[in-house]
Amino acid sequence: MKPLVFVVSAFLFSILSLTLTGSVTISFIIFLFFAFLTLFELLKLRRAEINEIISAVRQIRIDPAIPEEKLKLNPDIKPLEDEIRLMHKRINEDIGYLRKLEKVRTEFLGNVSHELKTPIFAIQGYVETLINGAINDPKVNKYFLEKALHHTNNLNNLVSDLIDISMIESGEMRMSFRYFDANEFFAGIISEYKNFAEEKNLKLEYRGTEKAVQIFADKARLKQAVNNLVMNALKYTEKGEVVISLVDNRKSAQISVSDTGVGIPSADLERIFERFYRVDKDRSREVGGTGLGLAIVKHIVEAHGSKITVRSMQGEGSVFSFSVKK
Ligand SMILES: Nc1ncnc2c1ncn2[C@@H]1O[C@H](COP(=O)(O)OP(=O)(O)O)[C@@H](O)[C@H]1O
Ligand SMILES: [Mg+2]
């Protein structure tokens with residue numbers, strides 16, 4: 001407001017002095033005087049605005065959680081205020097995200113340590129008992145050794161899965177996509193698990209397509225994902241069948257692994273793809289599970305541009321499905 005008053009005054013007073021005195025010099029001096037006052041006021045105003053900006057930025061630096069309403073600037077520079085508020089919001093979102101990551105990391109580390117401890121303690125226990133005399137007791141010595149071996153296998157599975165998951169999550173998993181025959185591929189997987197299924201008296205089948213289907217995928221990774229699903233299906237099924245099926249759609253092929261096993265309670269369905277989440281921890285450990293299988297499957301399926309879905313009824317069975325490009 002002030003600078004405007006000075007500009008008007010500069011004109012008024014110089015014209016007035018020109019009419020009164022008739023001297024151009026005096027009128028020019030008066031004009032100059034008001035011009036300087038205007039300039040001085042403009043500079044002061046600019047300084048005040050800069051100070052407001054500095055203060056707003058400083059407030060965010062000192063306390064990023066400062067309420068947004070406190071970040072107020074002169075109405076003349078409203079667009080800048082809006083930008084600062086947006087930046088403030090973004091910073092807070094980033095901080096929230098980093099905190100969440102940190103929490104996930106700590107939780108993961110806690111889980112890993114716990115999971116490692118379980119088999120290590122068990123092995124330690126069996127070995128100590130053997131050393132303390134059980135080695136000479138033919139009734140238990142072989143049993144304890146077998147138990148220790150079982151836990152070494154668990155430890156081995158866990159370390160392999162941990163290496164996989166860390167490789168996948170750090171983005172080091174290189175995918176190598178190729179076309180290959182789907183029917184041949186799945187029939188191969190079935191033959192690998194035939195013995196295991198027979199031992200449990202389960203029917204294991206592949207229901208493919210009549211015509212050959214070429215799918216476009218990373219063969220090794222897809223095998224790892226399907227192996228995990230088939231292994232789960234076999235582990236969590238006591239009677240009935242496990243089926244891999246392939247449905248040929250126009251641009252993709254849908255792969256499903258179904259079983260007639262224990263099923264998954266609906267409350268757990270959303271969480272089973274989380275690292276270390278298991279419906280029944282003891283049962284999972286008993287069958288050599290690490291709790292990382294489905295997390296790995298999810299990553300692999302997503303790397304193929306698809307999404308894994310699951311349908312399950314407790315006591316009736318489960319179906320895991322996803323699709324791959326053709
Ligand atoms: N086919 C299935 N039938 C019933 N429960 C399943 C099946 N697949 C996975 N689950 C449940 O999801 C959990 C997580 O699976 P996964 O990540 O493969 O870990 P795990 O090593 O325990 O098998 C399992 O512990 C189990 O409770
Ligand atoms: Mg598993």
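**Helix by helix**

Author: The buried residues of helix α3 are I84, H88, E115, P119 and Y126. Keep in mind that this is a predicted model.

Reader: Why is α3 called hardly covered?

Author: Look at the count. α3 has 54 residues, and five of them are buried.

Reader: How do you know that the length of α3 agrees with its number of residues?

Author: Compare two spans. α3 covers residues 78–131, and at 1.5 Å a residue its 54 residues should span 80 Å. The end C-alpha atoms of α3 are 79 Å apart, so the two agree. Just after α3, G133 takes a positive phi of about 135°.

Reader: What about α4 and α1: what spans are expected for them?

Author: For α4, the 29 residues should span 42 Å. Its end C-alpha atoms are 42 Å apart, which agrees. Helix α1, residues 2–21, is expected to span 28 Å, and its C-alpha atoms reach 27 Å from first to last. That is close to the expected value.

Reader: Which residues follow α1 and α4 with a positive phi?

Author: Just after α1 comes G22, with a positive phi of about 75°. Just after α4 comes G171, with a positive phi of about 80°.

Reader: Which residues of α4 are buried, and what covers them?

Author: H151, N154, L158, D161 and I165 are buried in α4. Their cover includes α3, α8 (281–286) and α9.

**Helix against helix**

Reader: Why are α4 and α9 called roughly parallel?

Author: The axes of α4 (residues 141–169) and α9 (residues 293–303) cross at roughly 30°. Angles under 35 degrees count as roughly parallel. α4 and α9 are therefore roughly parallel to each other. Their axes also come within 10 Å, and α4 passes α9 in a left-handed crossing.

Reader: Which residues make the α4 contact with α9?

Author: From α4 come D161, D164, I165 and I168. From α9 come G293, A295, I296 and H299. The residues of this contact divide into four nonpolar, two polar and two charged.

Reader: What makes α5 roughly parallel to α6?

Author: Again, the angle. α5 (residues 182–199) and α6 pack at about 25°, with their axes 11 Å apart. The cut-off is under 35 degrees, and that makes α5 roughly parallel to α6. The crossing of α5 and α6 is right-handed.

Reader: Which residues of α5 and α6 meet there?

Author: In α5, they are I189, Y193, F196 and A197. In α6, they are K223, V226, N227, V230 and L234. The contact divides into seven nonpolar, one polar and one charged residue.

Reader: At what angle do α6 and α9 pack, and what would that angle be called?

Author: Helix α6 (residues 219–235) and α9 pack at about 140°, with their axes 9 Å apart. Roughly antiparallel needs over 145 degrees, and roughly perpendicular covers 65 to 115. α6 passes α9 in a left-handed crossing.

Technical notes
Residues numbered from 1 in each chain as written. Chains lettered and ligands numbered in written order. Predicted model: local features only at pLDDT ≥ 70, side-chain atom pairs only at ≥ 80, totals over all residues. Axes fitted to C-alpha atoms, helices over the stretch in contact; angles between N-to-C directions. Helix = DSSP H or I, 4+ residues; strand = E, 2+ residues; numbered from the N terminus. Left-handed = near helix turned anticlockwise from the far one by under 90°. Contact = placed C-beta atoms within 7 Å. Nonpolar A, V, L, I, M, F, W, Y, C, P; charged D, E, K, R; others polar. Expected span 1.5 Å × (residues − 1). Buried ≥ 20, exposed ≤ 12 C-beta atoms within 10 Å, placed from the backbone.
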